[in-house]
Amino acid sequence: MKKRLGQLVATTVATAASMTLFVVPASASPRDHDAAVMPVFVQTDAADGNTIVAYDRTPSGALTQRGLYATGGRGGILEGAVVDNLASQGSLTYDRTRRLLYAVNAGSDTVTVFSVRGDRLVRRQVISSGGHFPVSVAVHGNLVYVLNALDGGSVQGYLNIAGHLAKVPSWHRSLGLDPAAAPQFTHTPGQIGFTPDGSKLIVTTKAGGNSIEVFPVGQLGIAAQPVVTTDPGAVPFGFAFDHAGRLVVTEAGPNSVATYAIGRNAQLTKLDTRATGQAATCWIAATGDHVYAANAGSGSLTGLRVGRDGALTSLSTTATGAGTVDVSISSDSKFLYAQTGAAGGVDAFRVNTNGSLTKVGSVIVPSAIGGEGIVAL
């Protein structure tokens, strides 16, 4: 096994050495981009040129635009999508250890890697996603996996070598979903993500499979086949992890949120389900024992508390702009930012100690109607 691992690393190092390094000047106004800046990055997913828009957050949590950064790729729109072009979560992902930002270019079948310098981005690399229509990125240590939505869905793995991605051909997995299932935006996979300890890789399949697929992760990549947990009619979409490492999933079918325990054997055990009473419950973010689900059809956020046993308690429902899609909570847990796809905006909220939300501002993101992908540092 060690010999095979050594051969794999040698191959990927050679691949990385042949890659082109992109250094693109920032379009932000000049100022000191120090480590104390806590920005929010928003992806436009524009079909004529995908862009990341950088914002600074004020002490109150409101946003001020600082710069625009082309990804070097195009956004895309799934058939049937209205306010959610990608119908996914995790299309913009931050690697805090390496200070790298990963963005999918669904219309170009590529992924862009940026270095993050305060609120400024430097484009380092654009690389093939290993499939068709990438929608989500997962990072753990030096492992990066991309979820491709079309042609039945697929997963492609990469090694991060000195800040560059090297695609590992043997880390490609087909999900085997029906490529002709329609409409695309409900029948394509929704998110990919690692468990907090990095031992498992999780994929949700929405209505395409009504399943959550868990791939054990080993030294030589992910398992050849996932452990599949099916839940007919649930349409599992986005997910996050609570303070105890339990999986918290949005169920777009019944418009609910569910918690799962993750076994060592990669089996999932459902602990609780709680209806939101809203429409199109699809995206979710977590901080501590609080989770917030975004309801695109209702223009709202539903707050819930996760108990010690995984039981869910409803807290409140907070109105947003129309078409609430992807959400992100700042690293200090003080603020929540929600994309509103109908107008291409972002609503900013203060997270109160009791879990309620107080709106502190909103912005319209340039060319971002239907855009998805947001990261708050």
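In the predicted model, strands β19 and β20, the latter spanning residues 268-275, pair in the antiparallel sense over 7 bridges. Within this pairing, Val257 has Arg274 of β20 as its bridge partner. The two strands form a hairpin with 5 residues between them, and in the turn Ala266 has a positive phi of about 75 degrees.

Strand β19 also pairs in the antiparallel sense with strand β18 (residues 247-251), here over 5 bridges, and in this arrangement Thr250 stands opposite Val257. A hairpin is formed by β18 and β19 as well, with 4 residues between the strands and with Asn255, in the turn, showing a positive phi of about 55 degrees. Strand β19 itself covers residues 256-262, and because 5 of its 7 residues are buried, that is, under 20% relative accessible area, the strand is largely enclosed by the rest of the structure.

The packing of nonpolar residues was examined next. In soluble globular proteins, nonpolar side chains tend to be buried together. The largest nonpolar core of the model comprises 54 residues, and those with the most contacts inside it are Phe133, Tyr145, Val155, Ile192, Leu201, Leu301 and Leu336. Strand β9 (residues 143-148) gives the most to this core, contributing 5 residues. Apart from this core lies another, of 14 residues, which includes Val42, Val53, Leu63 and Val346.

When neighbours within four places in sequence are left aside, Phe133 is found in contact with residues from several parts of the chain, among them Gly76, Ile77, Leu78, Asn85, Leu86, Ala106 and Asp109, as well as Leu147, Asn148, Ala149 and Leu150.

Definitions and conventions. Residues are numbered from 1 along each chain as its sequence is written. This is a predicted model: local features need pLDDT of at least 70, side-chain atom pairs count only at pLDDT 80 or more; totals for chains, interfaces and linings use all residues. Side-chain values use heavy atoms; hydrogens and water are left out. Buried means under 20% relative accessible area, exposed over 50%, partly exposed in between (1.4 Å probe, protein chains only). Two strands pair if DSSP finds at least two bridges between them. A nonpolar core is a set of buried Ala, Val, Leu, Ile, Met, Phe, Trp, Tyr and Cys residues joined through side-chain atoms within 4.5 Å. Contact means heavy atoms within 4.5 Å.
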